[in-house]
Amino acid sequence: MIDFLNKGELKELYSMQDIYTTSPVTNIYTQSQLNDIENLVDGQLVKYEYASTKEEAEEKFEMKISDTTIVICVYKQYTGTLNPKVLIKKLHQRIKKSGNRVQYNQKVTDLKKEDGIYKITNSDTKTGINKTILSKKIVAAAGPYNGTLVKDIAPYFSSLIIPKRLFLSFLKIDSGKYDELTLEEKNRIRESYPVAYLNSEIFYSMIEKFDSDQRPLLKVGGHFLRTEIKDLDEVWEMQLTEQEIQWSKENTADYLAKLNLPIKSSDLEFANGYSCVYSLTESEIPYVSHALKNGTDIDSIFLLVGGMSGIGAKGSLAYGLIAADLLIGNRNESFMYQKAKSALGSERLIKDIQSIDK
Ligand SMILES: Cc1cc2nc3c(=O)[nH]c(=O)nc-3n(C[C@H](O)[C@H](O)[C@H](O)COP(=O)(O)OP(=O)(O)OC[C@H]3O[C@@H](n4cnc5c(N)ncnc54)[C@H](O)[C@@H]3O)c2cc1C
């Protein structure tokens, strides 16, 4: 995408660094996951550092961990954080540069198939004016709204892709406390994010940005802390509960203690929070699949991309590529591509549909 955007420009206007920030990624495990870890590092070509004892953690990462904890730090180009806003903006530029259009403030309110052609009704969210588009091929990628979007043509997706609410907290360290830290301690914070604690809730956190007094704004969430949604249109406005804020502070304080920093839960300020949504499939593996007619016949002009759980941002370019190839009929015989394609595709969908209500 970056190469394509730079094509024809006098100098390089776009770079991978606009989207990805390379930084060490810290993963924390417990001893009970030793087998998984050994499988993970076996033959691993990516550069990493591994500390399986207190002493090693102290020596390699200046971390204070218990006997039952294991730390792996991964160093890889473009591994760290990804800025979805910039990625989406560039994808739109890419679409426009190919001579295509992006329509903003348009909501698809109806999707039907008539005489082998898809009829899409769009409503302009500002003017309320409706427009109908006829299309020979479509891709549905409406995230948590996929089920609603395709209810008339592929109703089974609303049973197979379930939206769940998640919370996100933004925390700051009390300014007095932050000012007391040494430069080395401040750098240790900077270098120790992003982090994922691979326990049952999966605490994950990154530095969202530095504010005007250079204090980090920490983004915090729990990958498995999902709750049911009563009303998908209203869930986004839900405030965080006291327990969710407390959980965010305690897990952050616990990590900062592992980093050997004198910051307690009471030194953390809740800046703001969001209710967000993941779309989940039963196996938590997304779909990039043709829809089906009559249960088993493939509808070759309709594709759905969805159910990406909490890992859809980094996977999105790969899912989009597979979707585009399926729609255009491009072939790619590489082993990993084929493996991914079949894990996401219509053969699995057929089996999943058969198991609905069993
Ligand atoms: C708290 C949180 C943290 C996350 N962290 C990570 C992470 O660290 N790494 C990672 O890889 N992923 C992460 N994700 C997951 C990632 O955000 C999702 O998997 C990904 O956004 C799913 O992409 P999507 O295109 O399927 O859906 P979405 O991103 O939800 O996009 C769907 C789009 O369709 C539009 N739409 C819906 N209905 C209609 C309609 N009727 N008409 C027109 N447009 C419509 C929506 O407005 C939206 O723009 C996180 C998600 C959450 C909630």
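How far apart do the C-alpha centres of domain 1 and domain 2 lie? In this predicted model, the two centres are separated by 34 Å. The protein is divided into four parts: domain 1 takes in residues 1-22 together with 79-102, domain 2 covers 24-74, domain 3 covers 105-136, and domain 4 covers 162-280. An unreviewed UniProt entry lists residues 14-326 under "domain: FAD dependent oxidoreductase".

The largest nonpolar core comprises 31 residues. Met 63, Ile 189, Tyr 193, Tyr 255 and Ile 263 are the members with the most contacts inside this core. At least two residues each are supplied by helix H4 (54-61), strand S4, strand S10 (162-173), strand S11 (195-197), strand S12 (203-210), strand S13 (216-222) and helix H10 (242-258). Helix H10 gives the largest share, which amounts to five residues. Because domain 2 (24-74) and domain 4 (162-280) both contribute residues, the core lies between these two domains.

The surroundings of Tyr 255 can be described residue by residue. With its neighbours within four places in sequence left aside, Tyr 255 is in contact with Thr 26, Ile 28 and Met 63, as well as with Ser 192, Tyr 193, Val 195 and Phe 203. Among these partners, Met 63 and Tyr 193 are also listed with Tyr 255 as residues with the most contacts inside the largest core. Another core, of 22 residues, lies apart from the one described above; its members include Val 150, Ile 301, Leu 349 and Ile 350.

A search of the whole structure for aromatic pairs finds eight. In one of them, the ring centres of Tyr 20 and Tyr 78 are 5.9 Å apart and the ring planes meet at 50°, so the pair is classed as tilted. Tyr 20 belongs to strand S1 (residues 20-22), whereas Tyr 78 is in the loop between strand S4 (69-75) and strand S5 (80-82); the pair therefore ties together parts that are 58 residues apart in sequence. Tyr 20 has a relative accessibility of 18% and counts as buried, while Tyr 78, at 26%, is partly exposed.

Tyr 156 and Phe 157 form a further tilted pair, because their ring centres are 5.0 Å apart and their planes are at 45°. Tyr 156 is buried at 13% relative accessibility, and Phe 157 is buried with a relative accessible area of 0%. Together with Tyr 287, Tyr 156 and Phe 157 make up one aromatic cluster.

Charged side chains also lie over aromatic rings. Lys 47 is placed over the face of Tyr 75, at 4.7 Å from the ring centre. At Phe 4, the ring has the charged end of Lys 97 over it, 5.9 Å from the ring centre.

Gln 354 is located in helix H13 (residues 346-354). At a relative accessibility of 46%, Gln 354 counts as partly exposed. Gln 354 and Thr 296 are 58 residues apart along the chain, and their C-alpha atoms are separated by 9.7 Å.

Methods: Residues numbered from 1 in each chain as written. Predicted model: local features only at pLDDT ≥ 70, side-chain atom pairs only at ≥ 80, totals over all residues. Heavy atoms only, no water. Phe/Tyr/Trp six-rings, centres within 6.5 Å; stacked < 30°, edge-to-face > 60°. Helix = DSSP H or I, 4+ residues; strand = E, 2+ residues; numbered from the N terminus. Buried < 20%, exposed > 50% of the residue type's maximum accessible area, 1.4 Å probe, protein only. Lys NZ or Arg CZ within 6 Å of the ring centre and 35° of its normal. Core = buried A, V, L, I, M, F, W, Y, C linked by side-chain atoms within 4.5 Å. Domains from an automatic or database assignment. Contact = heavy atoms within 4.5 Å. UniProt positions renumbered as here; feature names shortened; annotations may be inferred.
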